[in-house]
Amino acid sequence: MQTVLSNCEAKMKKCISSLENEYQTMRTGRANPALFDKLTVEYYGAETPLNQVASISVPEARLVVIQPWDKTVLPAIEKAIQKSELGLNPNNDGKLIRVNFPALTEQRRKELAKAAKQTAEGTKVAIRNVRRDAMEELKKMQKAAEISEDEQKEGETKIQKMTDNAIAEVGKVAEAKEKEIMEI
């Protein structure tokens with residue numbers, strides 16, 4: 001039974017960390033180098049993550065500077081940023097790329113906050129699915145006489161408590177992201 005509980009807890013933590021990673025790549029009004037984590041660039045015929053061909057820094061609150069190690073990749077980086085769904089316009093000066101983050105409009109902030117809520121809801125559903133799977137596993141163990149009925153009930157109570165804690169954590173993370181998005 002202990003393995004079921006520990007697997008359940010690990011999967012729930014994984015769901016929460018996945019949500020946090022997803023939120024890092026979600027654009028807010030401030031410059032964030034994590035926005036470019038999923039961006040790939042055509043480099044010598046292969047799609048390569050941007051952070052493997054250039055250094056990404058944030059010298060100011062609304063500016064990201066991308067400095068490639070190989071200057072020949074500048075046009076590819078510029079094209080990748082323009083094609084991305086980030087809605088940003090890169091400025092290429094021949095040595096590095098500056099990406100200015102304009103302030104978000106009220107409507108765009110509301111759209112992003114709504115998207116953040118939907119992502120959080122998806123995470124809550126995933127956590128509930130983990131709970132369901134763990135409960136079924138306990139029932140199977142009880143039917144196979146591996147654990148007693150009391151142990152099954154105790155395990156279900158612990159799993160429910162884990163689920164409640166994980167969903168509360170998702171709520172906190174989502175609330176913090178929504179607050180960050182709605183800041184001017």
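Which residue is the bridge partner of Y43 in β2? I looked this up in the model, which is a predicted one, and found A46 as the partner of Y43.

**Entry 1: the hairpin**

Strand β1 covers residues 40-43 and strand β2 covers residues 46-49. I noted that the two run antiparallel and are joined by 4 bridges. Together β1 and β2 form a hairpin, with 2 residues between them. Within the turn, I read a positive phi of about 50° for Y44.

**Entry 2: the open sheet**

I next traced the sheet of 4 strands, which is open. I recorded its strand order as β3-β4-β6-β5, and its pairing as antiparallel. Which strands stand at the edges? They are β3 (54-60) and β5 (90-92); each has a single partner strand, so one side of each lacks a neighbour in the sheet. On average, neighbouring strands of this sheet are turned by 25° against each other, direction ignored.

I examined the pairing of β5 with β6 separately. Strand β6 comprises residues 97-100 and pairs with β5 in the antiparallel sense over 3 bridges. For N92, I found I97 in β6 as the bridge partner.

I checked the length of α3 against expectation. Its 38 residues should span 56 Å at 1.5 Å a residue, and the end C-alpha atoms lie 56 Å apart, which agrees. Just after α3, I noted that A145 takes a positive phi of about 65°.

How does α3 pack against α4? I recorded an angle of about 170° between α3 (residues 106-143) and α4 (residues 149-182), with the axes 10 Å apart. Since angles over 145 degrees count as roughly antiparallel, α3 is roughly antiparallel to α4. By class, I listed 15 nonpolar, 6 polar and 12 charged residues in the contact of α3 with α4.

I then looked at α1 (residues 2-24), which packs with α3 at an angle of about 170°, the axes being 10 Å apart. The helices α1 and α3 are therefore roughly antiparallel to each other. The contact of α1 with α3 has 15 nonpolar, 2 polar and 5 charged residues.

**Entry 3: the largest pocket**

Finally, I looked up the largest pocket, in which about 360 Å³ of space lies. It is lined by 14 residues, and those closest to its centre are T25, M26, L35, E85 and L86. Which element gives the most to the lining of this largest pocket? I found that α3 does, with 3 residues. By class, I recorded 5 nonpolar, 4 polar and 5 charged residues in the lining of the largest pocket.

Terms used:
Residues are numbered from 1 along each chain as its sequence is written. This is a predicted model: local features need pLDDT of at least 70, side-chain atom pairs count only at pLDDT 80 or more; totals for chains, interfaces and linings use all residues. Side-chain values use heavy atoms; hydrogens and water are left out. Axes are lines fitted to C-alpha atoms, for helices over the stretch in contact, and angles run from 0 to 180 degrees between N-to-C directions. Angles under 35 degrees count as roughly parallel, over 145 as roughly antiparallel, 65 to 115 as roughly perpendicular and the rest as oblique. Ala, Val, Leu, Ile, Met, Phe, Trp, Tyr, Cys and Pro count as nonpolar, Asp, Glu, Lys and Arg as charged, and the others, Gly among them, as polar. The expected span of a helix is 1.5 Å times one less than its number of residues. On a 1 Å grid over the protein atoms alone, a cavity is a set of points where a 1.4 Å probe fits but cannot get out, and a pocket is an open set with protein on both sides within 12 Å along at least five of seven lines; lining residues have an atom within 4 Å of a point. Grid points are joined across faces, edges and corners, and a volume is the space filled by probe spheres set on the points. Two strands pair if DSSP finds at least two bridges between them.
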